[in-house]
Amino acid sequence: MTAEAEKSGVHDQWRFSVAPMMDWTDRHCRAFHRVLSRRARLYTEMVTTGAVLHGPRERLLGFSAVEHPVALQLGGSDPAELAEAARIAEGFGYDEVNLNVGCPSDRVQDGRFGACLMREPGLVGECVAAMKAAVSVPVTVKCRIGVDDQDPEAALDALAGIVVAAGVDALVVHARKAWLQGLSPKENRDIPPLDYGRVVRLKRARPGLPVAVNGGITTVAAAREHLRDLDGVMMGRAAYSDPAELLAVDPDLFGEAAPVADAFAAVEAFEPYAAEALAAGTRLHSLTRHMLGLFNGRPGARAFRRHLATHGMRPEAGLATLREAVAMVSRAVPEAA
């Protein structure tokens with residue numbers, strides 16, 4: 001293991017993670033990402049407490065054992081409901097429960113959870129304390145540096161102080177404000193400026209709190225730079241749109257060999273999982289939509305995507321369809337840009 005990895009010690013479990021992303025990081029996506037990295041911490045899409053308590057739990061919460069370590073992200077603001085949902089999550093075998101205090105969508109605001117909770121740090125503390133009392137797995141919070149006209153210095157300090165007092169195990173900070181009025185969720189991922197320095201100041205003020213940063217991090221090399229000052233990095237859209245980047249996580253951040261040699265080997269390693277899912281009635285497209293960017297930069301990558309988009313949607317599509325698509329990609333190592 002590298003000296004950097006050794007230095008991280010107890011905080012190592014949050015050293016690198018893939019962000020929870022609605023409509024993207026479902027169980028098939030996570031199983032595929034696990035093929036690319038043994039060490040990355042994986043997060044579910046956000047699931048509301050109401051869905052956990054009253055919805056089809058196996059469909060919403062079920063996951064494959066290959067996904068560990070995997071965390072469930074919860075959306076909610078009622079401490080008792082969050083405690084019960086966390087209890088259920090622990091029963092399913094999740095390695096962590098994460099509270100969403102960062103999503104800015106209108107639907108989330110109407111439910112009084114997500115980023116609007118930055119305005120109610122006391123309530124967030126109550127939620128964390130209730131979940132901590134209910135489970136033995138780590139309870140973490142993912143937040144913004146502030147919302148709307150809040151001063152990020154005061155807002156983030158207030159939230160951090162209260163959740164630390166409540167027993168939070170780690171804080172993941174999206175290094176942007178969220179504007180709850182006037183910007184769409186998509187715009188809130190790009191338009192508010194990044195302020196990594198604010199996250200570093202939080203870590204320096206609270207050296208005992210594991211702090212990970214999220215937002216605008218597109219390469220493992222960039223992640224390494226952030227790890228000079230912080231305990232962890234959470235990569236979002238880049239991990240999804242360019243999944244081969246995850247092949248660098250284990251060697252570059254943990255000093256361990258990657259699970260597979262390259263993107264071609266990753267597809268082969270994913271086949272047993274895919275075969276089992278197909279046999280259970282899953283459509284091929286539900287599996288392959290998460291790997292469309294796998295061969296970015298290689299000759300044939302566009303043909304690979306086109307073949308899966310055209311033929312992978314068919315009800316009869318199976319592993320043969322996937323292999324046909326892969327055969328269209330050049331195995332020559334692409335030249336560095």
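Helices (H or I, at least four residues) and strands (E, at least two) are DSSP runs, numbered from the N terminus. With that in hand, welcome to a short tour in close-up views. This is a predicted model, in which local features need pLDDT of at least 70 and side-chain atom pairs count only at pLDDT 80 or more, while totals for chains, interfaces and linings use all residues. Residues are numbered from 1 along each chain as its sequence is written, and side-chain values use heavy atoms, leaving out hydrogens and water.

View 1. Along the principal axes, the C-alpha atoms fill a box of roughly 55 × 45 × 40 Å. Of the 337 residues, 54% count as buried; buried means under 20% relative accessible area, exposed over 50%, and partly exposed in between (1.4 Å probe, protein chains only).

**View 2. The 8 strands form a closed barrel with parallel pairing.** Follow the strands in the order S1-S2-S3-S4-S5-S6-S7-S8. Neighbouring strands of this sheet are turned by 30° against each other on average, direction ignored. Two strands pair if DSSP finds at least two bridges between them. Strand S1 (residues 16–18) is joined to strand S2 (residues 41–48) by 2 bridges, and here valine 18 stands opposite leucine 42.

**View 3. Strand S5 is mostly covered, with 9 of its 9 residues buried.** On one side, S5 pairs with S4 in the parallel sense over 5 bridges; on another, S5 pairs with S6 over 7 bridges, again parallel. Look for lysine 142 in S5: this residue is the bridge partner of asparagine 100 and also stands opposite valine 172 in S6.

**View 4. Helix H10 (residues 196–205) has buried residues Arg198, Val199, Val200, Leu202 and Lys203.** The cover over these residues includes S5, H8, S6 and strand S7 (211–214).

**View 5. The largest nonpolar core has 112 residues.** Such a core is a set of buried Ala, Val, Leu, Ile, Met, Phe, Trp, Tyr and Cys residues joined through side-chain atoms within 4.5 Å. Among the residues with the most contacts inside this core are Phe16, Val141, Cys143 and Leu171. Contact means heavy atoms within 4.5 Å. Leaving aside its neighbours within four places in sequence, leucine 171 touches several residues, including Val141, Cys143, Ala160, Val163 and Leu202. In soluble globular proteins, nonpolar side chains tend to be buried together.

**View 6. Serine 64 sits in the loop between helix H4 (57–61) and S3.**

Definitions and conventions: Axes are lines fitted to C-alpha atoms, for helices over the stretch in contact, and angles run from 0 to 180 degrees between N-to-C directions.
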